[in-house]
Structure formats: structure tokens, C-alpha cells
Amino acid sequence: MDREFVLGEFDRQIRRAHGDVLIEDDWAGVVSTDLDESTADAAIAEHVRTFTELGLPWEWKHYSYDKPADLQDRLRRAGFVAEPAEALLVAVIDELPTDAPLPAGTEIVPVTDVATAELFVQVHNEVFDGDYSKVAWRLLADPDNQLGFVVLADGQPVSAARVEFNRGTEFASLWGGGTLPSWRGRGLFKALVAHRARLAAARGFRYLQVDASDDSSPILRRLGFVQLATTTPFIHA
């Protein structure tokens, strides 16, 4: 993979496609910037004022190649707190394994109704310690652009994940990928990646993109994902 080229395409097609700020039902924040030493502090202050007026929880999604080089320090001085960094990983879909067997007694079920959405929420809430009900309802409301899946073991939800199809781009994005502790190490994560890769390929996407935690990054690298950068969410009080 030509890392510089693919990162440039990700930046152009995904980060800058909607402007500097993205506001959705369950997330809001600064997703792209074009700053330098002379404009950074004023831009930071302006975004803080804007989101304070809106009264929304939000984050500044910083990437390791963003300018100026001391942008993270400037964010901290402005009252932001960094959350754990994640690896920006990208893979060419045609180079990924798309056949990963599930353990006996398990199956992948799509999120298509209230019952399966509740199973999705149950897994995510337990694994990621939050309230993911809005994410699940978005899956039901927008199946053309995003799909969710739950792995059932003897009828019980044990893993879940989703994929977003970024229309007009070459990138599909993987999110979630959470498995209950008792079921980790049995191939469910790999099976969900392969399942979503097949769906993305069928829709004509060229790349899969993931913001990967330290737990999932090694698995994804072994599957063929390449790290292009590091991304850090900065939260303002």
C-alpha cells in the first residue's frame, strides 16, 4: 500500500468532506482543520464558543499529522483533556481475508428490528461501558448507509459490530467490534471483520478504515491493515 497516497485520499474523501465540524445525533466535534501557528489559537477559541452556545458534548478529533505541530499542546492549554489515542488503520479490501469461520453454535445476525437492536445495545453497553441505544436506532433508521450485526451463541448475544458505507467515497468504516470477555480469543472479531469486508466489497468500496484501540489494533494488523496515523480525541469540559 502506498501509505502517503491512501492517507491523502482518506483526508480528502472522509475528513474534509463535511467541513471542519460534524454534528450527528450521538456525536459532535471538530473533524478536520487547516491551521498554522498564526491561526490555531483563534480557531480553538471560536470552536469552544460555538459548542458552548450549542450546549452539546463534543470532541476535537486530532490526527498526528495535523498542523501546527504543537496543536495538541495548544488544545491542552485551552482546557482540553486527551482521551486514549487510537491507530488510524486502513486496508485494501481485496487484500483482506473474507472467509473467517465462526465457532460451533454461533451465528451472525443483522440488526434489522427492535429485538436485534436491543441485543446490539446489550453487548455494546457491557463491553464499552456506555449507552449505545442511539447508535442502534440509527442503524434501523439508515440501513442504506450503515449496518449492524450481532453474534449469537445459543441464542445469546456475545459480540457486535457495525459498518458505515461512506457514499461517494472509496472508504467503508468499521466501528464497534466488541466481544464479551468470556468469548474473546475464539475468532468472533475476525469473523465480523470478514463479514463486513465482504459487504463493503459487494458495494464497490476499495478500502476499509478503522480507528483501532490497543486491543484490536494487533489483530487488525495481522489481517492486513496498515497504520497511517494516530488519532486522539480531545474533550473540552
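This is a predicted model: local features need pLDDT of at least 70, side-chain atom pairs count only at pLDDT 80 or more; totals for chains, interfaces and linings use all residues.

Student: What should I expect from phi and from peptide bonds in general?

Tutor: Most residues other than glycine have a negative phi, and most peptide bonds are trans.

Student: Which peptide bond is cis here?

Tutor: Look at the one from Lys-67 to Pro-68, where omega is near 0 degrees. Pro-68 sits in the loop between strand S3 (59–63) and helix H3 (71–77).

Student: And what is the phi of Asp-129?

Tutor: Positive, about 55 degrees, even though Asp-129 is not a glycine. You'll find Asp-129 in the loop that runs between helix H4 (114–128) and helix H5 (133–141).

Student: Is Asp-129 buried or exposed?

Tutor: The cut-off for exposed is over 50% relative accessible area. Asp-129 comes out at 71%, so it counts as exposed.

Student: Where is Asp-154?

Tutor: Asp-154 is in the loop between strand S7 (146–153) and strand S8 (156–165). Its phi is positive too, near 50 degrees, and Asp-154 is exposed, with a relative accessible area of 71%.

Student: Now the side chain. Why does Gln-209 count as buried?

Tutor: Buried means under 20%. Gln-209 has a relative accessible area of 3%, so it is buried. Gln-209 belongs to strand S10 (residues 207–212).

Student: What does the side chain of Gln-209 make a polar contact with?

Tutor: With the side chain of Ser-173, at 2.7 Å. Beyond its neighbours within four places in sequence, Gln-209 also has contacts that include Phe-10, Leu-88, Val-90 and Phe-171.

Technical notes
Residues are numbered from 1 along each chain as its sequence is written. Side-chain values use heavy atoms; hydrogens and water are left out. Helices (H or I, at least four residues) and strands (E, at least two) are DSSP runs, numbered from the N terminus. Buried means under 20% relative accessible area, exposed over 50%, partly exposed in between (1.4 Å probe, protein chains only). A polar contact is a pair of N or O atoms within 3.5 Å; within protein, one must be able to donate a hydrogen and the other to accept it, and residues adjacent in sequence count only if both atoms are side-chain atoms. Contact means heavy atoms within 4.5 Å.
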